[in-house]
Amino acid sequence: MKKLSLIALFVGLLVLGTNVKAMTEAELKGKLFQTFEIGGKDYTLSDDQKVIVERYLEKNEISEADADTIWAKVQKALNVIKGQGNTNFTKYPQSVKNELKAIVEEISSETKVKATLTKEGLEVKNSDGTKVIIDTPVKRTGYETSKTAIIAGLSILIVAVGTCLVIKQVKTSE
Amino acid sequence: MIKNVNKKKFASNLAISFFFAAIFVLCYYFLLEDKIMPYVSLINTTAVRGEDIEIIAKYNIEAKRLIDYPSYGSKYATLEIPSINLTLPVYHGDNKKILRLGVGHYTGSYFPGENGSILYAAHNNAGLFHDLDKIKVGDIITIKATYGTFKYQMKEYKIVKETDLSAFPIQHDKELLMMYTCWPIDKGIAGHKKERYVVYAEKIGDEIEKE
């Protein structure tokens, strides 16, 4: 079973087409947590993505009107994704990324669901304006050396050149 | 010819200078680094101000779920591990900015008290998760959240590949605290680490202590 990419996650979240409140929570979760077929392959939300979706639905309401608008946009996004044959958003051409980003922005401007595509991933906002960040579970947590390395490298260079010049000066004056 | 001799002397002086500079840097790392880095980490912590919006989360004890969740980027708890003399702030979210401040809580995991997997990350610098590998089985870990205090006991540790997501199971059957950092935990060696040191701890006690 393949895992959904960020775009497909967002698509899955919005492929409701009906008022969230009309469904029981079990029915709602069943719709969102179902298997989606894209490019002949089956995709499903990962367990951590399900946690994020559950939390989003607990905090926010999606009206029928918004759902209708979103569904039309989602159809567009699905066609774009199917055209790529995979859901690996990071490997899409820039033109495709821009196209999907534009669709997400249309949803944001025309409904109460606020979402944008950023470098860090799909950013969705709750109705109170706070962020819902969707990204990967495991982060880079190594020793923070980037700044230290640059400063250390420059320091070595400065000390070395300075020492060299001093030695030269001393020898010249002898 | 005189110019060539001067160039050679200059080059040899430069090489000698680099040698002594390298000796100086090595002395710093081996003799002084441990003493200095906690202060550097402290400077990073106080200098980088994130969205330090502290929202008081509300907790439903019967449902074992939060009613109001802390906003992304906000500090909502303190992590205490007495066995390694560690106390750190815990933030909702684990982006680069947050990981400079303290412990990051992955948004795709549950919160303390929700009877599910909790995934915490921190850098392996001194003052953060540098001594994570010194926690022993049986050691107590305490999370003091704004809505209650929760205690966990270390059960095991694993060294896993960063791509092995099965080592970070997100489940809702029991409360499992997972804390990880990059491995190996060594001094100042730059570069991407492909392994993670993961500590697994299970919740002990049913009662939630409130201050």
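I count two strands as paired if DSSP finds at least two bridges between them. Helices (H or I, at least four residues) and strands (E, at least two) are DSSP runs, numbered from the N terminus.

The model is predicted, so I kept to its limits: local features need pLDDT of at least 70, side-chain atom pairs count only at pLDDT 80 or more, and totals for chains, interfaces and linings use all residues. Residues are numbered from 1 along each chain, chains are lettered from A, and side-chain values use heavy atoms, without hydrogens and water.

**Strand β3(B).** I looked up the partners of β3 (residues 75–81) in chain B. Six bridges join β3(B) to β4(B) (residues 86–92), antiparallel. K75(B) has Y91(B) as its bridge partner there. Four residues lie between these strands in the hairpin, and N85(B) takes a positive phi near 55°. β3(B) also runs antiparallel to β7(B) (residues 140–145), over four bridges. There I found T78(B) bridged to K144(B).

**P112(B).** I located P112(B) in the loop between β5 (103–105) and β6 (117–121) of chain B. Buried or exposed? P112(B) is buried, because its relative accessibility is 0% (buried is under 20% relative accessible area, exposed over 50%, partly exposed in between; 1.4 Å probe, protein chains only). Beyond neighbours within four places in sequence, its contacts (heavy atoms within 4.5 Å) include Y76(B), I118(B), I143(B) and E175(B). Its C-alpha atom is 9.0 Å from that of L176(B), 64 residues apart along the chain.
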